[in-house]
Amino acid sequence: MKYFEYQILDSEDVTNETKLIQDFLDKHPLGNQDSLQKSTSISALDNFNELIVRKGNYWYYYKKSGGKFLFCCVEATDETQDNFCINNVKHEVILHHNASVIVKISISPNNKFIAFLERKTAGILQLRIKHSDPHAETSNDVIIPNVGSTIAWSPDSSSIFYTKSDSTLRPSQLWIKNIVDGDAEILLLHETDLRFGIIVSNIDDEIISLSSSPDVSETRIFNYSNDLWKSDILISRTLNLNHRIFGINTSEGQRHYIVRTTNNLGEYNLYSVSSNQLGSKTDTSRWVPIFSSTREHILGDVFTTRELIILSIKTNTLYTIKVLDRRTFRNLPILLPMNVDSGLISFRIVDTDFENSTFRFIKSSYTQPPLLYNYSYKKRAFLKIGSSTNTVRNQHILANRVTVLSGSCRIPLTLIRNNRMLYPSPCILIAYGAYQHSLDPYYLAEWIPLIDEGIMVAIAHVRGGGEHGGQWHQAGRGLNKTNSFTDYNSCINYLLSSPLVDAKRLGLFAVSAGALLPAYFMNNRPGIAKACLVRQPFVNPYAALLNPALPLTATDWSEFGNPIEDSAAKHLIESYSPLQNVQRQEYPTLAVILGEHDTRISNRDALDWVQKIRQNNTAHTKCLCSVVPNTGHGATHPEFEYVFWHHHLLS
């Protein structure tokens, strides 16, 4: 727990930083306050609308009421079997009165119990199991502290499987508890290797665990026999065979598993695998391909129902949906709702109704709030569900994509702008470029007020992300990390030479590991930007990756390299690590947003970085740091961020 003790910020530091932020807000009042409040409200509402799910004969959903977020359920009627709107609900039951702390929900197979994963302080999760009927005789909550992020139910709904985390928040243990009889917790599996974490899930009617590292994984299946839960290895640990099971078909007494694997380029492929080809010694030579990724069509998430396999397929950096017959793997036609102003649309599957062959998906774009749809394959029809208030239209906001040459590589650059604004205009450049994470189309609710007032937002899809699949990620990780910086630099140069952009009013924005990009160029291209804002920046990778005791270090070696064992990786990481490379020179106005209980990056490192820039900055610019209380990784400070950009790019 030394890491967490180290993370507790000195009270004087917090007080001083908070005073600087408040002074800044007092001196620079809000501009378009109504627009800011509206966008924040829409963003929060959209996040909860994504979590409308149908299980059995009930709809489960979040709603905002009296300033609180609630989790509720209502029985599906003939009128709402396929089309559901929160605004028209009658006779709902409130299941949770503080839904803002909920990370995930899981409903038991018999619909009698609901499990809530709730966020506590310092990144800790707790599991709360409630009876779905608040008037039931046994309605007392069961609470299990310090759990991981995955859970599964036994087929008879009497027991729940869950992981527990070690001192670095690695899900290292798998446990089970009988919630009907109130039995004690039982440990089923313990991973002592720091590279591995455990997830558990329900696959059809089975309980499956996956122990995985960046390079190797192992799948076990759990069975109940002689009053004990025992496991058998389905797919053994084989180097470069990262895999995950998504379904089980049975034909003529033989089981066939639907398995997704990762090849040496980081691309996903989907197979049907007979049970006689699995076990402690895995032979992949006879696995039957269902879908193989190509450069044009890249496999993403996989979902199943009793009759269907639903695939997320990335084509030209945008996700679409493909549906297959579960038995024959034959392609089944599906018509998606494409009537939106912008062509930059992405479709993301969020939930399935296993028995009824229906699934829910979100249609996302940069310029319009996301829309949630329910698709019934039997009826060959989709219907919009959720809140009827989600009808904001921003017809004056346009999104288009250009390509920027970075050496011989073409880098996608998305531009979102107000077609009424005068040019050249201020511009904020957003990028990430790590962990194969894609900056897919999403509604820019937090940026809309600034775009309305004349700021253009540009999103650089640099290598290291996942916009073009695993190969795109491989080209920007480890010893190839320099490609991420080269791509980012090329996008900066494109913007500075564009007639659309005022070169004297360029802002840089990034979060977490993405902050390596603007921080690097603050050190190496002084004067390139007027302002920079980063949230929870990872600014000391050199020291973090040399310390295996820190959370995520062992797994981050796969992303950045292991400086303990590889001298080339050590030299490269040291060369771009922001904290080690602060120089006496000019720096732009800087704002840093931290979460008080962040467990993924070091707040102390971020504060040291801010202080070092303050000591070496030769320009008359400020370095501000907002520590958001009672939050972790992902913390935001909307009011301050809006005022920061408005003051430094529009004033």
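Leaving aside neighbours within four places in sequence, which residues is S575 in contact with? Select S575 and then show Y520 and N581, because those are its contacts, where contact means heavy atoms within 4.5 Å.

Before going further, a word on what is on your screen. This is a predicted model, in which local features need pLDDT of at least 70 and side-chain atom pairs count only at pLDDT 80 or more, while totals for chains, interfaces and linings use all residues. Residues are numbered from 1 along each chain as its sequence is written, and side-chain values use heavy atoms, with hydrogens and water left out.

**Stop 1: around S575**

Stay with S575 and colour helix α10, residues 567-576, where S575 has its place. Helices here are DSSP runs of H or I with at least four residues, strands are runs of E with at least two, and both are numbered from the N terminus. S575 counts as partly exposed, at 36% relative accessibility. On this scale buried means under 20% relative accessible area, exposed means over 50%, and partly exposed lies in between (1.4 Å probe, protein chains only). Now draw a distance from the C-alpha atom of S575 to that of Y542: the two are separated by 8.9 Å and sit 33 residues apart along the chain.

**Stop 2: a four-stranded sheet**

Next, select β20 to β23. These four strands form an open sheet in the order β20-β21-β22-β23, with antiparallel pairing. β20 (298-304) and β23 (331-332) stand at the edges with a single partner strand each, so one side of each has no neighbour in the sheet. Two strands pair if DSSP finds at least two bridges between them. In general, strands of a sheet pair through backbone hydrogen bonds, either parallel or antiparallel.

How many bridges join β20 to β21? Zoom in on β21 (residues 308-315) and you can look for five of them. For one of the partners, pick I298 and find K314 across from it in β21.

Then move along to T317, in the loop between β21 and β22 (318-325). T317 is not a glycine, yet its phi is positive, at about 75°. T317 also counts as buried, at 5% relative accessibility.

**Stop 3**

Go to D204, in the loop between β12 (197-203) and β13 (206-212). Here is another positive phi in a residue other than glycine, near 55°.

After that, jump to Y423 and P424, which are joined by a cis peptide bond with omega of about 0°. P424 belongs to the loop between β29 (409-418) and β30 (425-431).

**Stop 4: salt bridges**

The structure holds 18 salt bridges, each being a side-chain nitrogen of Lys or Arg within 4 Å of a carboxyl oxygen of Asp or Glu. Here are some to click through.

- K164 and E185: their side chains meet at 3.1 Å, N to O. K164 lies in strand β9 (residues 159-165) and E185 in the loop between β10 (171-178) and β11 (186-190), so this pair ties together parts 21 residues apart in sequence. K164 counts as buried at 15% relative accessibility, whereas E185 is partly exposed at 32%.
- R535 and E446: this salt bridge has an N to O distance of 2.4 Å. R535 is in strand β33 (residues 531-535) and E446 in the loop between β30 and α4 (448-452), so the pair links parts that are 89 residues apart in sequence. R535 is buried at 9% relative accessibility, and E446 is partly exposed at 36%.
- D502 and R505: these side chains meet at 2.8 Å, N to O. R505 counts as partly exposed, at 21% relative accessibility.
- E118, R128, K130 and D141: select these together to see a network of salt bridges.

**Stop 5: a cavity**

What lines the second largest cavity? Select I199, S201, I208, S209, L210, T219, R244 and I245. β12, β13 and β16 (242-251) each give two or more residues to this lining, and β13 has the largest share, with three. By class, the lining has four nonpolar, three polar and one charged residues. Ala, Val, Leu, Ile, Met, Phe, Trp, Tyr, Cys and Pro count as nonpolar, Asp, Glu, Lys and Arg as charged, and the others, Gly among them, as polar.

The space inside is about 40 Å³, and the structure holds two cavities of 30 Å³ or more. A cavity is a set of points, on a 1 Å grid over the protein atoms alone, where a 1.4 Å probe fits but cannot get out; lining residues have an atom within 4 Å of a point. Grid points are joined across faces, edges and corners, and the volume is the space filled by probe spheres set on the points.

Notes: 1 Å grid on protein atoms, 1.4 Å probe; cavity = no way out; pocket = protein on both sides within 12 Å on 5 of 7 lines; lining within 4 Å.
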